[in-house]
Amino acid sequence: SQAILRHKTAISDYAMAPDGKRLVFLAKDEQPKAEKDAKKAGYNAKVYEEQPRPTKVWAVALTDGQAGEKAKASELAVEGSVSYVHYSPDGKTLLLAVAPTPRIDDYYMKRALVIVDASSGKKLGSFDRKGKLGSAAFSPSGDKVAVIAATNMPHLIDPALLRPGRFDRLLYIPLPADPKDRTEILRVTTKKMPLAPDVDSRTIA
């Protein structure tokens, strides 16, 4: 493996155009100078979500799979904070998962799927929904988008979303009948969560 691009901040996701001539990636702006100066002066308090920086979409042209030493990534004009990027099969559009702000609540509950022009970032369409948004991708033909999402309020789903050309069907996946399987789901989903000593996954399941 070899590095094809270095950016001034951490890259959280990326996608390469089908023809290999363009790379798009997600990254935040650099930390403001005032914040850097304050940190150097000894201010190191951790205040979460006080001034969150949105994650933006950047693009760079590639030559023989490389960006070149002097290549400069340009920002696409996408409003909001982007957490996912995927190229369409023809390379003309991008599928993005976008939240209105970088705040954690917006990430989990207010993200929408947005289709933009791959060159300019101009918004071409969107799929808004209530509840948590999972993975999404274009179909091989590029005329459909597959989405994995979840909600505990199916009655709030707008019937218009189920019209032809939008969300064609809903798949209901019930909880496993076996308590052991439900316990395993709880174990996996709470693996990184701090739980009180008296929390018993088997009882909850």
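Visitor: What pattern does the protein chain follow, read along the sequence?
Guide: The protein chain runs β-β-α-β-β-β-β-α-β-β-β-β-α-α. Bear in mind that this is a predicted model.

Visitor: How many helices and strands is that?
Guide: Four helices and ten strands.

Visitor: And what share of the residues is buried?
Guide: 27% of the 205 residues count as buried. The chain exposes about 14,800 Å². Carbon and sulfur atoms supply 54% of that area.

Visitor: Let's zoom in. Is strand β3 mostly covered or uncovered?
Guide: Mostly covered. β3 spans residues 55-61, and six of its seven residues are buried.

Visitor: Which sense does its pairing with β2 take?
Guide: Antiparallel, over seven bridges. Strand β2 covers residues 22-28. Within this pair, Phe25 has Trp58 of β3 as its bridge partner.

Visitor: What about β3 and β4?
Guide: Those two also pair in the antiparallel sense, over three bridges. β4 is residues 74-76. Ala59 has Ser74 of β4 as its bridge partner.

Visitor: New topic. Where does Gly80 sit?
Guide: In the loop between β4 and β5, with β5 being 81-87.

Visitor: Why is Gly80 classed as buried?
Guide: Because its relative accessible area is 19%, and the cut-off for buried is under 20%.

Visitor: Which residues does Gly80 touch?
Guide: Leaving out residues up to four places away in sequence, Gly80 touches Pro54, Thr55, Val98, Ala99 and Pro100. Take Pro100: it lies 20 residues from Gly80 along the chain, yet their C-alpha atoms are separated by 4.6 Å.

Notes
Residues are numbered from 1 along each chain as its sequence is written. This is a predicted model: local features need pLDDT of at least 70, side-chain atom pairs count only at pLDDT 80 or more; totals for chains, interfaces and linings use all residues. Side-chain values use heavy atoms; hydrogens and water are left out. Buried means under 20% relative accessible area, exposed over 50%, partly exposed in between (1.4 Å probe, protein chains only). Two strands pair if DSSP finds at least two bridges between them. Contact means heavy atoms within 4.5 Å. Accessible areas come from the Shrake-Rupley method with a 1.4 Å probe; for residues, only the protein chains shown count as cover.
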